[in-house]
Amino acid sequence: MKTLGNILWHIPFLGFLTALITFLVGGLLVITVIGAPIGLGLIELSKFLLAPFSKAMIDKKDLNKDQNKLWESFGFIIRILYFPLGLFLTIATIFQIAGLFVSLVGIPVALVLAKSLSTYFNPVNKKCVPRAVAEELEQRKAKEVVDKHLGTK
């Protein structure tokens, strides 16, 4: 089913063009050193857009707890500066999703765009991983919460 979803995303809806445009914009932002955190996040988003039903976007903090503090603080400053553009992209994508849900054929594309909303809003420190890795991280987080509530940790 994931493969069929990926094929539907690429063939009639030209998802590969969306991935290519996102990659090019991310590459341009990486060239400008100031926009590097946003550009790297958009490049990861383009990887996700190549196989959206097989991949997931997660925070790098979920993947590895230790991050460079200087890069993390720089990313925070860039996130603040990116906020107006990210808000505009997110709102535009929400309208696009609503329009796609009108037709039955547009629903798979709407689901892909809905999955990528948080990355459009905040692409800093995002990572594209296989769906199995994202599910395993979710299970580990859930186990930590259960252990916390049971008092075993």
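**Cavity, patch and salt bridges**

Q: Which helix gives the largest share of the lining of the largest cavity?
A: Helix H3, residues 36-50, with 3 residues. Helices here are DSSP runs (H or I, at least four residues), strands are E runs of at least two, and both are numbered from the N terminus.

Q: What kind of model is this?
A: A predicted one: local features need pLDDT of at least 70, side-chain atom pairs count only at pLDDT 80 or more, and totals for chains, interfaces and linings use all residues. Residues are numbered from 1 along each chain as its sequence is written, and side-chain values use heavy atoms, with hydrogens and water left out.

Q: How many cavities of 30 Å³ or more?
A: The count is 1. A cavity is a set of points on a 1 Å grid over the protein atoms alone, where a 1.4 Å probe fits but cannot get out; lining residues have an atom within 4 Å of a point.

Q: And what volume does the largest cavity have?
A: About 50 Å³. Grid points are joined across faces, edges and corners, and the volume is the space filled by probe spheres set on them.

Q: Which residues line the largest cavity?
A: Pro37, Leu40, Gly41, Lys60, Trp71, Val124, Asn125 and Lys126. They divide into 4 nonpolar, 2 polar and 2 charged. Here Ala, Val, Leu, Ile, Met, Phe, Trp, Tyr, Cys and Pro count as nonpolar, Asp, Glu, Lys and Arg as charged, and the others, Gly among them, as polar.

Q: Switching to charges: how many salt bridges?
A: The structure holds 5. The cut-off is a side-chain nitrogen of Lys or Arg within 4 Å of a carboxyl oxygen of Asp or Glu.

Q: What does Lys47 pair with?
A: Glu44, at 3.1 Å, N to O. Both lie in helix H3, 3 residues apart, about one turn of the helix.

Q: Is Glu44 buried or exposed?
A: Glu44 counts as buried, because its relative accessibility is 10%. Buried means under 20% relative accessible area, exposed over 50%, partly exposed in between (1.4 Å probe, protein chains only).

Q: How far apart are Glu44 and Lys127 in their salt bridge?
A: 3.9 Å, N to O. Glu44 lies in helix H3 and Lys127 in strand E2 (residues 126-130), so the pair ties together parts that are 83 residues apart in sequence.

Q: What about Glu136?
A: Glu136 forms a salt bridge with Arg140, the closest N and O atoms being 3.2 Å apart. Both lie in helix H8 (residues 131-150), 4 residues apart, about one helical turn.

Q: Which residues are joined into one network?
A: Glu44, Lys47 and Lys127, through salt bridges that share partners.

Key. 1 Å grid on protein atoms, 1.4 Å probe; cavity = no way out; pocket = protein on both sides within 12 Å on 5 of 7 lines; lining within 4 Å.
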